[in-house]
Amino acid sequence: FRSETGRGVLEDLAFYAGQQSGWVPHEITTNGRFLGAGNRQETPQFVMTVWRYFEWTGDVAFLKHMYPLCKQSLDYMLGHFDSNGNGYLEGPGLIERNGMGLEKVDAAAYLFGAYKAMSVLAQRLGEQQDSLRYSDRASRFRTRFNHDWWDPEAQMWANSLDNEGHRQLYGYWSVVFPMESGPSDPDNAYIALRKTQDG
């Protein structure tokens with residue numbers, strides 16, 4: 001991160017997210033026009049990027065400014081886009097095709113990453129209860145994720161889950177996100193990586 005550029009982008013996103021109850025925007029034009037709220041993975045990605053920025057810069061003032069919005073953002077997304085209460089965000093994700101289920105693997109994987117990020121950020125700010133709460137969420141999420149999204153017969157992550165929680169595999173590259181963001185079991189990650197490499 002170049003600190004001034006990175007901070008400016010994140011602060012602009014935070015400004016518009018604050019006007020949308022924490023829902024991070026998908027796109028803002030160069031003249032500041034808001035073009036729409038983000039897909040489901042974009043708010044968790046924002047939280048993860050705040051963490052990465054802090055890792056690179058150590059900017060505590062920035063973190064203190066952003067932390068309440070990060071909490072609000074995750075609470076808003078779960079409160080509005082998890083109608084069945086299973087902990088996965090419903091709606092458009094990074095990869096879309098006709099017939100896919102409402103819950104996408106990229107949004108699920110990045111939500112796990114956001115929980116891990118929030119645990120670390122809370123700890124840095126001395127918010128020990130928050131840190132433990134997000135760490136616990138991440139731990140329980142990982143266990144559930146590896147049960148719900150891993151298809152042992154296909155030896156691959158599902159791209160989406162349908163309304164009944166059935167796995168849907170379409171062969172899209174979104175199967176890499178569990179390995180990138182961290183909810184994958186090491187054994188599953190190894191199998192998926194080998195299968196992806198072998199084509």
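Let me start with Trp149. Leaving out residues up to four places away in sequence, Trp149 touches Tyr88, Glu103, Lys104, Val105, Ala108, Met156, Trp157, Ala158, Asn159, Ser160, Leu161 and Arg167, where contact means heavy atoms within 4.5 Å.

A word on the source. This is a predicted model, in which local features need pLDDT of at least 70, side-chain atom pairs count only at pLDDT 80 or more, and totals for chains, interfaces and linings use all residues. Residues are numbered from 1 along each chain as its sequence is written, and side-chain values use heavy atoms, with hydrogens and water left out.

Now the core. Trp149 and Phe46 touch the most other members of the largest nonpolar core, which has 46 residues. Elements giving two or more residues to this core are α1 (3-19), α2 (42-57), α3 (60-80), α4 (105-124), α5 (128-148) and β3 (156-157). A nonpolar core here is a set of buried Ala, Val, Leu, Ile, Met, Phe, Trp, Tyr and Cys residues joined through side-chain atoms within 4.5 Å. Buried means under 20% relative accessible area with a 1.4 Å probe, protein chains only. By that cut-off, 47% of the 199 residues of the protein chain are buried.

On to the fold. The protein chain has seven helices and five strands, taken as DSSP runs: H or I of at least four residues for helices, E of at least two for strands, numbered from the N terminus. Their order along the sequence is α-α-α-β-α-α-β-β-β-β-α-α.

Last, extent. The C-alpha trace of the protein chain spans about 50 × 35 × 35 Å along its principal axes.

How values were computed: Buried means under 20% relative accessible area, exposed over 50%, partly exposed in between (1.4 Å probe, protein chains only).
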